[in-house]
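Hi,

Here is the structure I promised to pass on. My notes on the sheet and the cores follow below it.

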Amino acid sequence: MDTLTLKRKALELKKDFITMIYEAGTGHTGSDLSCTDILVSLYYHQLNIEPSCPDDPKRDRYIQSKGHAVEILWAILADKGFFDKSELKTFSQFGSRLLGHPNNKVEGIEMNTGSLGHGLALAVGSALAAKLDGKYYHTYTLLGDGELAEGSVWEAAMAGANFQLDNLTAIIDRNRLQITGSTEDVMRLDNLHEKWHAFGWHVVNVQDGNDIEQLIKAYQDREPGKPTVIIANTVKGKGLSDAEGVASWHHHVFNEEEFTKAMRELDIALEALNNEG
């Protein structure tokens, strides 16, 4: 897909998961919106995966450490054909496979996640297994910046560099907000570039982490013998005027008025992109 098509796809998927959250009465709206462009550029441009063969041993692996932002992931997997799109209507209902965190009973999910701080360690294990088995797949993981306060992240970071896992890419959704407020008030993180560099990683800074073109370029920036970390500077709630940069939208459920306004804003943005084409 070209960049314009990917931008359209991102807006369409936002409409899908916002509808899921509104109908289910639960979901991490702001968190989904900040990482939508990351996951769209990853799934529709970068990852070597096919829904027709979800267990292909040559497939790339994706582990979502930021597991609470699962609504966008469900919407993408359905759109890609890992399961029927009608199943999205069951999100967070009793008996549904589509839980509030990734569930590996669903095709396309490698591992269950949700307990923050564990996804990078799982990704290190996946990448190390590929090295030991002589396989050439790449492992990607997405972390929220709030979870970087977990010590297990930095243990995994040490291991990734120690084993020279240049088949591993971690992406940090650096939106600077978590459920209790600013990351810099809760647990100061800056300077992230220097921290990851000191841990032996190849560090790629993406100035606008909601820019699909910049993200695609970042995925190609690697260094032999080192794992890569992409620091994607995003906006919490990206794309909705009520949600952008507002911590309370981390886990916010739409009322009818907010839902109508959100869908209208996304439709306007889609129309503008269609006019570009």
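S6 and S7 (residues 228–233) run parallel and share five bridges; strands count as paired if DSSP finds at least two bridges between them. Helices (H or I, at least four residues) and strands (E, at least two) are DSSP runs, numbered from the N terminus. Within that pairing, valine 203 has valine 229 of S7 as its bridge partner.

This is a predicted model, where local features need pLDDT of at least 70 and side-chain atom pairs count only at pLDDT 80 or more, while totals for chains, interfaces and linings use all residues. Residues are numbered from 1 along each chain as its sequence is written, and side-chain values use heavy atoms, with hydrogens and water left out.

The whole sheet is open, with five strands in the order S1-S2-S3-S7-S6 and parallel pairing. S1 (61–64) and S6 (202–206) are the edge strands with a single partner each, so one side of each has no neighbour in the sheet.

On to the cores, meaning sets of buried Ala, Val, Leu, Ile, Met, Phe, Trp, Tyr and Cys residues joined through side-chain atoms within 4.5 Å. Buried is under 20% relative accessible area, exposed over 50%, partly exposed in between (1.4 Å probe, protein chains only). The largest nonpolar core has 57 residues, and Ile18, Tyr43, Tyr62, Trp74 and Phe83 touch the most other members. Elements giving it two or more residues include H1 (3–24), H3 (70–80) and H9 (256–276). There's also a second, separate core of 23 residues, with Leu120, Ala161, Leu192 and Val203 among them.

Cheers
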